[in-house]
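User: I've got a model open and want to talk through a few features. Can you take my questions one by one?

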Amino acid sequence: MAAKTKNPDVKVLKGQDAEDAILHYMTRMNRPFGAVDISANLKGAVPKATTAKILVALAEKGAIIQKTYGKTNFYVVNQSNIDTLPANDLTALEAECKAVVDANNSIIADVKNLSTVELGKLRSTPTDSELDAQIEAADQTISRLLERLAPLRNGTPLISTEDLARIDSEWAKWRPEWVRRKKIFTSFWQLATDALPPQDATSLAEDLGIEFDTPEHVALERGPICAAAGANSRTNLKRKRE
């Protein structure tokens, strides 16, 4: 069998240097090792045979503890020789750790608040395009209002209180009559066109010159003016019956 070639880059340690290297390594790792493992982990800086002798010597000095399991020896640093933190330093570290945890919890709360409340505010804020649309709608409303104010600014006389009262009186007088006549016409028209197809009914209305309500009329009937008038008429009818 060919002999293993040593790594020329690794310096072989001897004597006190080898002992110091092994003790330093075991103290730094602070876990059990066998002689073979230590020699391998040191990259051959200390040969196996030398490592085994040094470990026995360190155990006799009390620097490390030797434990035998079967035919294998394991070594670990004597824990009583390891520096430990004083109680005061340990208490200070615990206080510092608690402060860091509290600060971290505060940051987490701030992040949660920003991701819910503040982000919600930003999302509900109109975008530039939405603001432009709102400004354009406001400008159009202002223009319409200015057009309505223009006659007043030019000195156009306003409708007097007497004229408004007269118009209201005429409205209250003739609207119920219009509603009654419309119901009569609707009843007769339904009887006359019930058997006709829709196209023939439309042609008949055109031939007779009948004009139905436009969308503007329908909107007016459903508006607040006619609704108020209808309520007043029903009130008046109840009073008459009483």
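User: Which helix does Thr193 lie in?

Analyst: Quick note before we start: this is a predicted model, where local features need pLDDT of at least 70, side-chain atom pairs count only at pLDDT 80 or more, and totals for chains, interfaces and linings use all residues. Residues are numbered from 1 along each chain as its sequence is written, and side-chain values use heavy atoms, with hydrogens and water left out. Helices here are DSSP runs of H or I with at least four residues, strands are runs of E with at least two, and numbering goes from the N terminus. With residues 161-193 making up the helix, Thr193 lies in H6.

User: Is Thr193 buried or exposed?

Analyst: Buried means under 20% relative accessible area, exposed over 50%, and partly exposed in between (1.4 Å probe, protein chains only). Thr193 has a relative accessible area of 12%, so it counts as buried.

User: Leaving aside neighbours within four places in sequence, which residues is Thr193 in contact with?

Analyst: Contact means heavy atoms within 4.5 Å. With those sequence neighbours set aside, Thr193 touches Ala201 and Leu204.

User: How are H1 and H3 oriented to each other?

Analyst: Axes are lines fitted to C-alpha atoms over the stretch in contact, and angles run from 0 to 180 degrees between N-to-C directions. H1 (residues 15-29) and H3 (residues 48-61) pack at about 70°, with axes 10 Å apart. Angles of 65 to 115 degrees count as roughly perpendicular, under 35 as roughly parallel, over 145 as roughly antiparallel and the rest as oblique. So H1 and H3 are roughly perpendicular.
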